[in-house]
Amino acid sequence: MNAKAGALPDINVEEFRKVVRSRRSIRRFKNDPVPDDVLADCLELATLAPNSSNLQPWEFYVVRTPELKSRVAGACLGQNAAKTAPLLIAIVARTDTWRNHARLAVEQWPEEKLPPIVEKYYRKIAPIHYNQGPFGLLGVAKKAAGFVVGLTRPVPRGPYSSNEMKVWATKSTALAAENLMLALRAHGYDSCPMEGFDECRVKKLLKIPKKGLVTMMLAAGKRAENGVYNQQYRVAQENLIHYL
């Protein structure tokens with residue numbers, strides 16, 4: 001699609017509904033591998049997820065080597081999903097790549113002319129907004145300033161610390177993870193997001209940088225006949241959705 005033309009493709013909501021409703025957390029997989037072209041397409045769709053300031057604070061570590069996959073499955077506490085899936089993907093949030101990605105946003109801008117407001121944001125505003133400074137002192141100063149200014153008008157609140165940066169990066173990375181899971185389902189494959197894992201062991205096995213946060217481990221492949229353990233359940237919508 002030509003983005004400049006503004007043309008949108010026809011959308012079939014029923015096909016999307018099928019993807020969403022048939023996505024389940026699969027606990028057992030068949031041995032069938034996920035084809036390289038399918039995996040590549042799913043990962044590309046994952047990276048098209050919306051994210052804060054388009055700084056794309058994520059990375060994906062795809063584990064397919066049998067020996068390494070077996071060791072990573074062990075670090076995932078030996079869950080059936082991890083043991084039986086033909087591939088495992090560590091979905092990693094990065095709090096330390098924003099500077100480089102801000103620079104790339106300017107250098108690799110996809111249009112002929114870089115809008116002044118975009119250049120100003122990535123060259124001047126982002127370096128202040130996301131930088132916490134030595135020992136987090138800049139973050140403390142920004143928080144104090146935000147409190148004072150916020151008494152009279154709306155202001156962005158944070159991130160003001162390294163911990164808030166972790167939350168910032170994880171929120172965007174989780175959006176990419178959801179895109180990845182839906183993309184796999186659209187291709188006829190399945191997945192299981194896992195929080196039950198030893199992050200220290202996973203990071204060591206996969207050589208993930210120190211500041212990388214393993215948001216989740218994702219098992220992916222073709223679902224086995226006994227891959228879904230229970231009927232799907234959700235809390236009643238009136239407890240969760242509020243119309244104001």
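**Close-up 1. Leu77 counts as exposed, at 60% relative accessibility.** Exposed means over 50% relative accessible area, buried under 20% and partly exposed in between, with a 1.4 Å probe and protein chains only. Leu77 is found in the loop between helix H3 (66–75) and helix H4 (80–84). Its phi is near 65 degrees, a positive value in a residue other than glycine. The model is predicted: local features need pLDDT of at least 70, side-chain atom pairs count only at pLDDT 80 or more, and totals for chains, interfaces and linings use all residues. Residues are numbered from 1 along each chain as its sequence is written, and side-chain values use heavy atoms, with hydrogens and water left out.

**Close-up 2. Gln56 has a positive phi, near 45 degrees.** The residue lies in the loop between helix H2 (36–46) and strand E1 (58–63); helices (H or I, at least four residues) and strands (E, at least two) are DSSP runs numbered from the N terminus. Gln56 is partly exposed, with a relative accessible area of 29%.

**Close-up 3. A cis peptide bond joins Gly158 and Pro159.** Omega is about 5 degrees. Pro159 lies in the loop between helix H7 (137–149) and H8. Most peptide bonds are trans.

**Close-up 4. Helices H1 (residues 13–22) and H8 (residues 162–186) cross at roughly 110 degrees.** Their axes, lines fitted to C-alpha atoms over the stretch in contact, with angles running from 0 to 180 degrees between N-to-C directions, come within 9 Å. H1 and H8 are therefore roughly perpendicular (65 to 115 degrees) to each other. Phe16, Val19, Val20 and Ser22 in H1 meet Leu182, Arg185 and Ala186 in H8, contact meaning heavy atoms within 4.5 Å.

Conventions
Angles under 35 degrees count as roughly parallel, over 145 as roughly antiparallel, 65 to 115 as roughly perpendicular and the rest as oblique.
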